[in-house]
Amino acid sequence: MADLKFQRNFGIAAHIDAGKTTTTERILRYTGMIHRVGEVHDGGATTDWMEQEKERGITITSAAVSCRWNFPTANGQNVPGVTKEYSFNIIDTPGHVDFTVEVERSMRVLDGLIALFSAVDGVEPQSETVWRQANRYKVPRIGFVNKMDRQGADFLNVVQQVKDMLGAKAVPLQLPIGAEDSFKGVVDLISGKGIIWDEATEGMTYTEVEVPEEMKADVEHWRANLIEAVAEYDDTLMEKFFDDPNSITEDEIHEAIRKACIDLSIVPMMCGSSFKNKGVQTVLDAVCRYLPSPVDIEAIQGTDPKDPEKILSRKPDVKEPFAALAFKIMTDPFVGRLAFFRVYSGRLEAGSYVLNVRSGKKERISRIMKMFANKQNPIDFIEAGDIGAAVGFKEIKTGDTLSDENNPIVLESMFIPEPVISVA
Ligand code: GDP
């Protein structure tokens, strides 16, 4: 069984035009390639990517796309030179106001969110709508202020807007180095180091630099602000903050940020320019560090189909009876009708049967797919915490619970009216 600690199911929410498509495209590019400092840029990977790009239009609009990211860590601790592969499922959260219902549906199945803002336009109407929905579903989020290269970009102004307009305790983790068309990189307030993305490698690599002299006072101020904001989540950190701030370790700060973020007490804020290949990789590291894994989420609750008063729950564990929620039905040009679903518990093998609790019918899942940037992979089985797409349903609609036939459960459904898709 895959270790769920290294799995992340997240969405990217943004007002239209803030750069969601560009950011998603960059994520798929970086995760499909060699991307770490000091690693050799592999020409082969570039060619592959260009091949992949032909199909990218389709995958980017897929309800969920999977990729892997090498995060520099050994079991959460920072160990130089050691990386751990994380599996990501990026769930599409529609950005247009008309799709509010769909946004709601996607909030249901993701564990965390990257809230994307334009550094020029800040908090916009659709950011507010999505934010409220994320609050309702208690989704932890990281803020990414994009378009830092644009004229009028102002990171700290957007941080202030998130506080004032969205009522969140937004806490900067970075400060930008340079502004507008001279935007070069960021100072990481945790490590106290500057990061400058290398233009020649399209941001695939970066160089660590000392904090520019004129930024030192600001860095000190905002670092203290960050530690103060999260200190209450870690007793050692709190003690050290008052007694000996210099003895605070980076891992202690990361761990306190993680707890505060999952607890919805803070929204860590980062910045960059996805168009200029700056900052997206650090956001992916933050996804690994701070957003919850499927096992950080408490057991999902549902009801007994025979007795709606009776509450049942399922833990994110392969040993539990199978329970999944279908969150999007779409037609794919390659494989036909696909039902995207999130598995909350248990395990499902391709070719086996599941109960659609609403229709009361057993259905055979002929194939289970995972959608990657460049290919659609059939998989033999899917387990708790993961997201996949099933081929072979005769009748299914969004919001349906798929369940072990001997242990049926209805996962809290939103009952969104929608025509039933039926295939003869
Ligand atoms: P979406 O509507 O949120 O998916 O936004 P897109 O990714 O399509 O981006 C909207 C426009 O903004 C496009 O013209 C992008 O090229 C541009 N854009 C996206 N990110 C950046 C950025 O970081 N800097 C600049 N200058 N332009 C960007």
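**Ligand and sheets**

Reply: This is a predicted model. One point to begin with concerns Ser273: an N or O atom of its side chain is 3.0 Å from an oxygen atom of the ligand.

Me: How much of the ligand does the protein bury?

Reply: The ligand has an oxygen atom 3.0 Å from the side chain of Ser273. Taken alone, the ligand exposes 580 Å². The share of that area buried by the protein is 74%.

Me: Which residues come nearest to the ligand, and how far is the side chain of Thr21 from it?

Reply: The ligand has 15 residues around it, and those that come nearest are Asp17, Lys20, Thr21, Thr22 and Asp149. For Thr21, the pair is an N or O atom of the side chain and an oxygen atom of the ligand. Their distance is 2.4 Å.

Me: Which strands are the edges of the open sheet of eight strands?

Reply: The order in this sheet is E18-E17-E24-E14-E15-E22-E19-E20, with antiparallel pairing. An edge strand pairs on one side only. The two that do so are E18 (361-364) and E20 (376-379).

Me: What is the average twist in that sheet from one strand to the next?

Reply: The sheet is open, and its eight strands have antiparallel pairing. From one strand to the next, the twist averages 40°.

Me: Which residue in E18 is the bridge partner of Tyr353?

Reply: Strand E17 (residues 353-356) is joined to E18 by four bridges, and the two run antiparallel. Across this pairing, the partner of Tyr353 is Arg364.

Me: What is the pairing in the open sheet of seven strands, and what is its average twist?

Reply: The seven strands have the order E2-E3-E1-E4-E5-E11-E6, and the pairing is mixed. At the edges are E2 (64-71) and E6 (170-172). The twist from one strand to the next averages 30°.

Me: What angle does the direction of helix H5 make with that of E6?

Reply: E6 is joined to strand E11 (residues 267-271) by three bridges, and these two run parallel. Helix H5 (residues 155-166) packs on the sheet and touches E4, E5, E6 and E11. Its direction and that of E6 make an angle of about 165°.

Me: Which residue in the turn between E8 and E9 has a positive phi?

Reply: E8 pairs with strand E7 (residues 174-177) in the antiparallel sense over four bridges. Four bridges also join E8 to strand E9 (residues 193-197), again antiparallel. E8 and E9 form a hairpin with four residues between them. The turn residue with a positive phi, of about 70°, is Gly192.

How values were computed:
Residues are numbered from 1 along each chain as its sequence is written. This is a predicted model: local features need pLDDT of at least 70, side-chain atom pairs count only at pLDDT 80 or more; totals for chains, interfaces and linings use all residues. Side-chain values use heavy atoms; hydrogens and water are left out. A residue is near a molecule or strand if one of its heavy atoms lies within 4 Å of it. A polar contact is a pair of N or O atoms within 3.5 Å; within protein, one must be able to donate a hydrogen and the other to accept it, and residues adjacent in sequence count only if both atoms are side-chain atoms. Accessible areas come from the Shrake-Rupley method with a 1.4 Å probe; for residues, only the protein chains shown count as cover. Two strands pair if DSSP finds at least two bridges between them. Axes are lines fitted to C-alpha atoms, for helices over the stretch in contact, and angles run from 0 to 180 degrees between N-to-C directions. Contact means heavy atoms within 4.5 Å.
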